[in-house]
Structures are given as structure tokens and as C-alpha cells.
Amino acid sequence: MNSEPILSIQSAEIGFEDSRPLLEGCNLEIRPGEIVGIIGRSGIGKSTLIRTIAGLIRPLSGDVLFSGANISHSPRGAIGLIPQRLGLVQHQTVGYNVLMGALPNSSWLQSILSLPSAEMRDTTRKAIAAVGLEDKTLTSVNLLSGGQQRRVAIARAMVQNPQLLLADECLGELDAETARDIIGLLKAIVEDHGTSILIVDHNPVRARTFCDRVLQLRGRTIIPLSEEEQDETTALPQYRGDE
Amino acid sequence: MMGEAQRFFQFVLRRPILRTAIVLSIMAILTILHLEITLSRLGDAASNLVIIAGEAWPPDFSVLTNRAAWAYPPCEMQTDWMCSPAVLGMTQTLEIAFLATIFGMAMSLPLAAAAATNLSPPLLAQVVRQILAALRVLPSLIWALIFVILVGIGPLAGVLAMTMYTVGYLGKLQYEALEGVSREPLEVARAMGLPRWQIARFFAIPEAANSLISQMLFMFEYNVRHGSVVGLVGAGGIGWYMQYYLEPFKLYDRVLALVIVMYLVVIIIDQISLRVRSQFIEDDEHIPRPKWRGTIVPWTESSDD
């Protein structure tokens, strides 16, 4: 594994108001191909942390670096985001939503004319097939189940092929079987492309099972799980992708 | 007696609705006095109405059959009814409304994206909003007067006038729709590092597509209704033919026939538009389907029909 971190957060204060940061003294490093989980109770600032790493919110202080440079200067398409409610374009088809992942790599002319290249279309088709939605390509995403919508968001990330994928509660309240399928797809992204994944999950047992490392938000900062907590969150076989 | 007056006064003061009603009534009376409105004028209007109604009834539907030799632009068709004032005027009104809606939509959509605060920098959004507001300040009739002066009488002035108003009006509806789209798809696009125009083009506009299409159809309806008004100042359409009969001939029976034709066409357009728009309204299971009866005679349709 490459030792250079793809993401590095150094002494960052995160939040919306200087006087009342949600998180303080945050330090985090993620290396290429690593899956890191973050757990924490509701409202503690997990989504705000993800949005800050995605470059949507500026840190109040400290540094958030992508491959050693400020996150705001990260290359186009290098960061992928799967938000809590997935961020699919409603009333558009599965194919449309997945193809959106190819936008960062499209030329100006292709975008203006809405003419994706044959390669983009092919990549999109393969990603849709990889998540098992070939027969839903022309179906509106509104008509899909929660699990299927998550597959669409993952297929979009596959097409985008980011170096760092941020997934905010993308497993939600899925049943164990569906969650295991989604975890399998996320692992496939890591294995095929060496993508790093930072995933926020409210379920510590599940996170501990499939992540290389699990951290927690507690006391307004990022800390590792204690030994006791690691024992409490022994991996459950139903979430193993290799079961 | 004094005690009763005082009690009544206190009773009135304690009730905000009564206080407001009294203040508004005093303001209305002062305004009427300032405008020198007298009841005798209403009496004149009533007698004029009787005269006009007598001259207008029965409507002269020859406007649907006789060729309008004086039509502008000249009609080249061989069949007389196709060159009649009603057919020519209504066709022109529909054409003006159609072109104004299409041109207005094409111009307003990029402006709306620039005016939406979730898609544009705040300063640019404010500037574009002011431009859209300025376009809305003048009603289409005043725009028509301006363009009749600039390009002369005829449908071109109507198209330009209606387009200007459409841009201002539709632009406002559109930027409000764009600002109402879900935050998350836009954040996905921003995290990808996409430029603002791609975020608007591929995420915000498709997300708001249903509202945008519905608004465009509503604008077409609106333009059909107002397309008849701009004709009164020479900007083409059925209004121009009405004006021809009104001044200097005062052929009220023909004007009434044109009004009836316009009314029928407008309700047909409204009905088609309502039905098409209802396909684009989200969560529309609680919205009753429009009915012909309710459109033609609105008060016969109850709200829970």
C-alpha cells in the first residue's frame, strides 16, 4: 500500500460558525485503497465532516489536503460523493443518473451537445450491469426501491472512478442482505480501481466488519475506537462480503 | 347617550378587523373624492352599456366567413373563411404567443440559472434578478407600444413585446423552481468539481424539469390571452382586428363575434394546457383532474368535485 495519504486532515476545526465549531482538532489520514469508517451519534457532525472533505464547506481552521494540496484544488472528478439521500436526479432514468458520473471526464463540446462518447456509454452500461440493474436502465429512479437507488448511486461512482469516495450513511436502514450486496459493490470499486473510501455509518458493528479502520466522532473530535469498543463491535458474518 | 357612544367606540377599538375596516373605508372615501369620481358617471356608463349592447347584439359572425381584404400581412389563401378576420386574427395571436413562449423560454432559462442563488455567485444572482424585475415592470401592452414605435405595426412587434415580458415573468418562476431543487444532487456535482453551468444544465434543470415544463405551458396560456390585448395597439393578433372594427367604424356586433371566438379558443387552449400540465405536477393524486364544465362555467364545479 502506498504510504502517501490521499486525504489528510490536520488540526481542523469544522462547522459553520467560528465561535461554535462542531468538530475541533480533527486529524485524519486515509491512504489509497483504504476503507475507513466513521461512526458517531446523530447530529454530532458526521455529514458536516463529509461535506467539508468534499470541498462543499470550508474548514474553520486547519488543513484539509487531497494528495498534499488544498482540497479546493483537487483534480476534477477526483472526489466522489454519495450523500445520505443519494443525490440522484429525480424523474430521470437510471441511465441518465449513472452517466452523470462521466461528466468530469467529458469535453466541453460533448457536454454542450449532450453527446457522450461511445466509451462513456460503454462504461455506463458496464457499471449498470455490475450493480445488476441492466433491465432498469430506462426506468425513472423514482420508481426504484431504496436498495436499487443505492445501486444507482454506486454505479454513478463507478463511472466517475474517483480517487476518494465519500459515502454518507449510504447503507442507511437496509436489511442485512441488501447491505451486504452494497458493501460487496463498494469493495469491488476499491479492488478494481484502488479507490479510497470514507464511509459514515451509524451501525458500528457493520462498519467494523467491512472497513479496514473504524474511527468515531466523540467529544467533538475524531478518535479511534477503544479496545473495549472494538470488542463490542465484533464483526458479524452477515455483513461480510466474502461470506 | 354619551355612555353608549363611548361603549360603542371602545367596542370598535377593541376589534382589529373593525379598526382596519374603518381605516380602509375612510381611505377609500378620500381617494374617491381626490379622483373626483361621481355617481352620475356610473349612470352614463349604464346608458352607454345599453346602447353598445343593443348595437353588439346579435354578434355578426360574418367575421368567420368573409375575407378580410385589408388584412395585414395580406392573406394569400384561396378559401374566404381562411382569410376571415377571426381566423387570421386568432391564428396570428396563437403564433405570436407560441413564438414569444419559445423565444422567452430560450432566453429566460439561462438567466434563471444565473439568478438562482444555489447555482450562481450572490452578486451575479442579484444583478440578473434586477434585470428580470425590470423586464416585468412594464406590462406586455407597454412593451407592445414600444416595439410598435421601434419596428412598426404588425406581428413582429407583438412577438418582441410578448417575448420581453415572458423573459421577465418566466425567468422569475424558473429561478424560484431552480432554487427549490434538492440540495444533494447539486452537492454531488460540486464534489465532482463540475463548473456551475454543467451543474445547472445536468443536475438542477433536469431535477426541476416538471416545474419548468408546467410553467412554460402556463406562460403559453397567458401569452394567448395577452396576445389579444397587444393587438389593440397595432402589435398584430386578433386585437388588431378588433381595433379595426372599433375605430372608426364602431361595428360592435363584429367585435362581439371576435370576442366570442377568442373566448372559445382561449378556453380550449386552457383546457389542453391544464391537462398536459397535470401530467407534470408532482404528487398530483390529490389534485382533481380538470373538467370541461369547470373551465367554461367555473362556479358550477365544487372544490371537492
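Predicted model: local features only at pLDDT ≥ 70, side-chain atom pairs only at ≥ 80, totals over all residues.
Biologist: What pLDDT does chain A average?
Modeller: Chain A averages 87, and 93% of the residues score at least 70. pLDDT is the predictor's confidence in each residue, from 0 to 100.

Biologist: And where in chain A is the pLDDT below 50?
Modeller: Over residues 236-243 of chain A. That stretch still has 19 contacts in the model beyond near neighbours in sequence. A contact here means two residues whose C-beta atoms, placed from the backbone, lie within 7 Å.

Biologist: OK, what domains does chain A have?
Modeller: Domain 1 takes in 1-74 + 163-181 + 193-243, and domain 2 is 79-161. The bounds come from an automatic or database domain assignment. Their C-alpha centres lie 24 Å apart.

Biologist: How many residues are in contact between those two domains of chain A?
Modeller: 15 residues of domain 1 touch 12 residues of domain 2. On the domain 1 side, strand 7 (164-168) and helix 6 (176-193) of chain A each supply at least two residues. Strand 7 of chain A gives the largest share of that side, 5 residues. Helices (H or I, at least four residues) and strands (E, at least two) are DSSP runs, numbered from the N terminus.

Biologist: Switching to A:I39, is that residue buried or exposed?
Modeller: A:I39 counts as buried because 25 C-beta neighbours sit inside 10 Å. The cut-offs: buried is 20 or more other C-beta atoms within 10 Å of the residue's own, exposed is 12 or fewer, partly exposed is in between, with C-beta atoms placed from the backbone. A:I39 belongs to strand 3 (residues 35-39) of chain A.

Biologist: Which residues is A:I39 in contact with?
Modeller: Leaving aside neighbours within four places in sequence, they are A:D201, A:H202, A:P204, A:A207, A:V214 and A:Q216.

Biologist: Now chain B. How many helices and strands?
Modeller: 13 helices and 0 strands. The radius of gyration of chain B is 25 Å, well over the 19 Å from the globule rule for 305 residues, so chain B is more spread out than a compact globule. That radius is taken over C-alpha atoms, and the rule is 2.2 Å times the number of residues to the power 0.38. Along its principal axes, the C-alpha trace of chain B spans about 85 × 70 × 45 Å.

Biologist: What about helix 4 of chain B, where does that bend?
Modeller: At B:S108, by about 30 degrees, with a proline, B:P110, following within four residues. The bend is the angle between axes fitted to the seven residues ending at a residue and the seven starting there. Helix 4 of chain B is mostly covered, with 22 of its 31 residues buried.

Biologist: And where does B:P58 lie?
Modeller: In the loop between helix 3 (39-56) and helix 4 of chain B. B:P58 is exposed, with 8 other C-beta atoms within 10 Å. B:P58 and B:A257 are 199 residues apart in sequence and 8.7 Å apart in space, C-alpha to C-alpha.

Terms used
Residues numbered from 1 in each chain as written. Chains lettered and ligands numbered in written order.
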